Amino acid sequence: RLARSLAAQAALAIAAARAHSEQGQRLEELTVLGDISQRLSEVATLSEVLVSAIDGAMRITGAEAGVVWRRGSDRLYTLAASLGLNADAVAAFPPNARSSYSNEMHRTGRPVVVADLVGDARVSPQSVVTGLRAMLGVPLRSEGHMYGSLWVLHPTPGHFSERHVRQVHVVAAHAGAALARAQAFEEATRLSITDELTGFFNARYLNARLKEELARAQRYGHELALVIIDSDALKRVNDQLGHEAGNGHLRDLARAIRKQVRATDIVARYGGDEFVILQPESGLDAARATAERIRDAASVTLAGIATSVSIGVAAYPAVGDGEALLREADRALGEAKLRGKNTVVVAEARSA
């Protein structure tokens, strides 16, 4: 009787201890999820949201690496963010095969748990090379639309449980809300600094960047070139073909300019038919070459109307005071107009 009594008390003690342990784990889980939710509510940019989502999913599951694959309108995946992995190596193996787990998840909308990646032909060889064996993925949605997939990885086969699936689902839900907010913020920011017709930056952004680039050029002793382009034909196109054709002419001109500039150049629509190119670490010769390529590319015929551009070029420190850069380029543009248009004029260097 004593033994049975002791056994019964031991069983109760074990059950109470197990319940206490589970309660403690649940409390810890809620605390961690609360921290993750708080963090996701504070970040503003898209990259911050994605990294925070991966970090949160890794933290709640004990994973050692994580990635987010973004699914584009072309149905192809690109690496959006990663932690604990070589991003370049991972990006080289996007899950674009029809049989990939990411595509399976997109078709079914259900999470995917892979107990062991070794020998699995549907996963990137990079994950196995890094010693990661188990993988868990959940859909990542933003405002009801599939953004992509969130994955976490662990070196121990069979590490991820149904509990982990539920936890990462919660993280993904919070991340989706933060993602929608970040996308809206970035779109609003983009619209505030870009020209709707051409997609180039607007004058407000150009003026701010001009100040920044001038300060950088002065600090480090670099050159800074500025090119102003003005359509010679916009008024004639508007008068003879209408304003919609004029808008088309400006879009065509923007495409011609885009093809002739460097990725590091800052291009803005500065006025109705004026475009400005800011070329950091470029002098007069390089800017003149860019201007001539644009002038040549812009010399086309539109519905019987010959179109061309006039261009003014100036560079710091050749023009002296950096504040004179825009003024001297504009003066050179005026001279190009006086010379009969369809020409490039370079502002004269000022003597020291």
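Select helix α4 (residues 101-108): its buried residues pack against β1, β2, β3, β4 and β5. These buried residues are Tyr 101, Ser 102, Asn 103 and Met 105. Buried means under 20% relative accessible area, with exposed over 50% and partly exposed in between, for a 1.4 Å probe and protein chains only. Helices (H or I, at least four residues) and strands (E, at least two) are DSSP runs, numbered from the N terminus. The model is predicted: local features need pLDDT of at least 70, side-chain atom pairs count only at pLDDT 80 or more, and totals for chains, interfaces and linings use all residues. Residues are numbered from 1 along each chain as its sequence is written, and side-chain values use heavy atoms, with hydrogens and water left out.

Stay on α4. The helix lies across β1, β2, β3, β4 and β5 and runs at about 135 degrees to β5. For such angles, axes are lines fitted to C-alpha atoms (for helices, over the stretch in contact), and values run from 0 to 180 degrees between N-to-C directions. After α4 comes Gly 109, with a positive phi near 75 degrees.

**The five-stranded sheet**

Five strands make an open sheet, in the order β2-β1-β5-β4-β3, with antiparallel pairing. Two strands pair if DSSP finds at least two bridges between them. At the edges are β2 (77-83) and β3 (112-114), each pairing on one side only. From one strand to the next, the twist averages 20 degrees.

Select β4 (residues 134-142) and β5 (residues 145-154), which are antiparallel and joined by nine bridges. Along this pair, Met 135 stands opposite Leu 153, and Pro 139 is opposite Ser 149.

Six bridges join β1 to β5 in the antiparallel sense, and Arg 70 has Gly 148 in β5 as its bridge partner. Is β5 itself mostly covered or uncovered? β5 is mostly covered, with eight of its 10 residues buried.

Contact here means heavy atoms within 4.5 Å.

The largest nonpolar core has 29 residues. A nonpolar core is a set of buried Ala, Val, Leu, Ile, Met, Phe, Trp, Tyr and Cys residues joined through side-chain atoms within 4.5 Å. To find it, select Leu 50, Val 68, Leu 140, Tyr 147, Leu 150, Val 152 and Leu 179, the residues with the most contacts inside this core. At least two core residues come from each of α2, β4, β5 and α6 (162-193).

Centre the view on Leu 150. Leaving aside neighbours within four places in sequence, its contacts include Ala 53, Ile 54, Ala 57, Val 67 and Val 68. Also among them are Leu 136, Leu 140, Val 168 and Ala 172.

Move on to strand β6 (residues 224-231), where eight of its eight residues are buried. In a regular strand, side chains alternate between the two faces of the sheet. On one side of β6 are Leu 224, Leu 226, Ile 228 and Asp 230; on the other are Ala 225, Val 227, Ile 229 and Ser 231.

In strand β8 (residues 274-280), which is antiparallel to β6 and joined to it by seven bridges, Phe 275 stands opposite Ile 229. Strand β11 (residues 309-316) pairs with β6 in the antiparallel sense over eight bridges, and Ile 311 is the partner of Ile 229 there.

**Helices α9 and α10**

Finish with helix α9 (residues 243-260) and helix α10 (residues 284-298), which pack at an angle of about 145 degrees with their axes 9 Å apart. From α9, select Leu 253, Ala 256, Ile 257 and Gln 260; they meet Thr 290, Arg 293, Ile 294, Ala 297 and Ala 298 in α10.

The last stop is Leu 284, in α10. Not counting residues up to four places away in sequence, Leu 284 touches Val 313, Ala 314, Ala 315, Ala 318, Val 346 and Ala 347. Its C-alpha atom is separated by 23 Å from that of Asp 273, 11 residues apart along the chain.
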